[in-house]
Amino acid sequence: MRIRLTAHHLMAALIGIAVIVCFATTNWSDKAPMSWTSLSDTISQLFHPDWSYVYDGSGEDLVSLMLQTICIAFLSMVIDAATGWLRKKLL
């Protein structure tokens, strides 16, 4: 039985080679101390989060920025629907 190589196999092989090359050529000696410190800080913040950044009323907090992002996405959807409708009517 013969195995057929498809474009998916080739893409997976190329991505795998790229990941191996990236890990093999990385200088891990200067990253190791910082990564353990960062990991321990991240784990401690998971159990004791700092909620002050969520909402402070300044407009630069998490809630305000997430609302702005949702509004931008909705506006772009409306613009796309309107231009698509116009293209359909004109063509």
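Helices here are DSSP runs of H or I with at least four residues, numbered from the N terminus.

**View 1. The whole chain, a predicted model, has three helices and zero strands.** Start at the N terminus and you'll read the elements off as α-α-α. The radius of gyration comes out at 24 Å, well over the 12 Å that the globule rule gives for 91 residues, so the chain is more spread out than a compact globule. Boxed along the principal axes, the C-alpha atoms take up roughly 55 × 55 × 25 Å.

**View 2. A nonpolar patch sits on the surface.** Its members are Met 11, Ile 15, Val 19, Phe 23 and Trp 28, and together they put about 530 Å² of accessible area on show. Zoom in on Ile 15, which belongs to helix 1 (residues 7–25). Ile 15 has 49% relative accessibility, so it goes down as partly exposed; the exposed label is kept for values over 50%.

**View 3. Ser 64 and its polar contact with Asp 61.** Ser 64 is part of helix 3, which covers residues 62–90. The two side chains, Ser 64 and Asp 61, meet in a polar contact at 2.6 Å. Ser 64 has a relative accessible area of 17%, and because buried means under 20%, Ser 64 gets that label.

Notes
Residues are numbered from 1 along each chain as its sequence is written. This is a predicted model: local features need pLDDT of at least 70, side-chain atom pairs count only at pLDDT 80 or more; totals for chains, interfaces and linings use all residues. Side-chain values use heavy atoms; hydrogens and water are left out. Patches are made of residues with over 30% relative accessible area and no salt bridge: like charges are joined within 9 Å, nonpolar side chains (Val, Leu, Ile, Met, Phe, Trp, Tyr) within 5 Å. Accessible areas come from the Shrake-Rupley method with a 1.4 Å probe; for residues, only the protein chains shown count as cover. A salt bridge is a side-chain nitrogen of Lys or Arg within 4 Å of a carboxyl oxygen of Asp or Glu. Helices (H or I, at least four residues) and strands (E, at least two) are DSSP runs, numbered from the N terminus. Buried means under 20% relative accessible area, exposed over 50%, partly exposed in between (1.4 Å probe, protein chains only). A polar contact is a pair of N or O atoms within 3.5 Å; within protein, one must be able to donate a hydrogen and the other to accept it, and residues adjacent in sequence count only if both atoms are side-chain atoms. The radius of gyration is taken over C-alpha atoms; the globule rule is 2.2 Å times the number of residues to the power 0.38.
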